[in-house]
Amino acid sequence: MKKQFLLCAALLFGTVMARAQKPDTAQLLVHYKFSHIRDTTNREHPYTENMVLIVGKNAGAYKSYDKQLQDALFKKQVQEQEANSVDGHVNIQRKSSGSGTEYYQFPNGKKMVRKEALLFNNYLIPDALPAIDWKISGDTATFGGLHCQKATTHFKGRDYTAWFCPDLPLHIGPWKLNGLPGVIVEAYDTKKEVDFKFDGIEKAVISTKKDDRPANQASDSQGRMAVMIGMDDQDSDPNIIQLPTKAIKTTQKEFANLQEAMRKDPNAFAQSMVNAQAASQGGGRPAPKINIKVGPQPVINNPIELPEKK
C-alpha cells in the first residue's frame with residue numbers, strides 16, 4: 001500500500017493541470033451507434049454505446065453520449081433534491097453507465113489527448129495524432145443527407161472502411177481515426193467486430209446562460225459548493241471542446257501502473273488516493289476510511305487494438 005500511496009502522491013504533486021489547449025466552439029455533433037465484439041465467445045452480445053463526435057473549427061472531441069445524458073440527469077436530480085431538502089442532504093442511487101474514456105483531436109498541431117477516469121480522478125494522456133495511410137476510392141454514399149466518399153486502411157491490427165464527408169473539412173473522426181479530407185461519419189472493420197455506425201448529425205446549440213460553476217458542482221441549501229464525485233469538471237456547456245481543467249497529466253506507462261494497482265487491490269488503491277489527497281491539502285487531519293465495491297469485469301479477448309501480425 002505504501003508503494004501505491006507514493007505513486008498516487010507523485011502524480012498529484014508532479015503533474016500539471018490541463019490548460020495548454022484553448023477551448024473551441026462546437027459546430028456540429030455527429031452521433032454514432034458504437035458496437036464492439038469484445039468477447040468472441042459471445043458474439044451475439046457485443047458491447048454497445050451511444051457516442052458523439054463534437055466537431056469544432058480546429059478541434060474535435062469523441063466521448064460517450066450516454067454518459068453526457070446521465071451526468072446531466074444526475075446534476076438535475078441533485079439540484080432538485082437540494083432545493084427541497086431541509087438539511088441539504090441528498091440520497092440518490094446512481095448506476096454508472098457509459099465510458100469515461102474520451103479522445104480529443106487537434107489536427108492542426110497533429111496532437112491527440114486521451115482522457116481516462118479512474119475512481120475519483122481524471123487523467124490526461126497526450127500523444128501524437130496517429131498518421132493513417134488511407135486509400136480513397138471513387139465510391140460514394142449518402143448518410144443523413146451528407147454526401148460521403150469511401151476510404152480504406154489498415155490500422156491497429158484491423159482493416160477499416162470509412163465514409164467521410166468532404167463538405168465537413170475538419171480532418172477528424174471517431175476514436176483515433178483521422179486524416180481524411182473530411183469528417184468521418186461512419187467506419188467499421190471488415191469483420192464488423194468494431195463498428196462506428198452513423199446515427200445522425202445535428203447543429204451544436206451553445207448555451208447563452210451564464211453559469212461559472214463546473215458541471216460537477218452544485219450549491220447546497222446554505223449556498224455552499226458541493227462536489228458531485230464521478231462527474232467531470234468540464235465547462236457547464238458540454239458542447240464546448242475543452243480539456244478537463246483539473247485532470248492530471250500523465251503518461252501511458254504511469255497510467256498503466258495505476259490501472260494495475262487498482263486491479264490488484266481496489267480498496268488499498270482507493271485508500272492510497274484518499275491519503276495522497278489528504279496529504280496534499282495539509283491540515284493534519286487523518287484521511288477518511290473508505291470501502292469500494294468492484295463488480296465483475298467484462299471478458300475482453302478481442303480488444304479494439306490488435307497486435308500486428310509478424
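Start your tour by selecting residues 210-231, where pLDDT stays under 50. For this stretch the model has 55 contacts beyond four places in sequence. Keep in mind as you look around that this is a predicted model.

Next, colour the whole protein chain by confidence. Its mean pLDDT is 80, and 70% of the residues reach 70 or more.

The largest nonpolar core has 37 residues, and the members that touch the most others are Y62, W175, L177 and F196. To see where this core comes from, show the strands β1 (24-36), β2 (47-56), β8 (146-155), β9 (158-165), β10 (183-189) and β11 (194-203), each giving two or more residues to it. A separate core of 14 residues lies apart from it, and A59, A61, L124 and I241 are among its members.

Zoom in on L177. Beyond its neighbours within four places in sequence, L177 is in contact with Q105, I132, W134, F155, I172, I184, A187 and F196.

Most residues other than glycine have a negative phi. Select W175 in the loop between β9 and β10: its phi is positive, near 60 degrees. Is W175 buried or exposed? W175 counts as buried because its relative accessibility is 3%, under the 20% cut-off.

Finally, move to K156, in the loop between β8 and β9. Phi of K156 is also positive, near 55 degrees. With 30% relative accessibility, K156 counts as partly exposed.

Key
Residues are numbered from 1 along each chain as its sequence is written. This is a predicted model: local features need pLDDT of at least 70, side-chain atom pairs count only at pLDDT 80 or more; totals for chains, interfaces and linings use all residues. Side-chain values use heavy atoms; hydrogens and water are left out. pLDDT is the predictor's confidence in each residue, from 0 to 100. Contact means heavy atoms within 4.5 Å. A nonpolar core is a set of buried Ala, Val, Leu, Ile, Met, Phe, Trp, Tyr and Cys residues joined through side-chain atoms within 4.5 Å. Buried means under 20% relative accessible area, exposed over 50%, partly exposed in between (1.4 Å probe, protein chains only). Helices (H or I, at least four residues) and strands (E, at least two) are DSSP runs, numbered from the N terminus.
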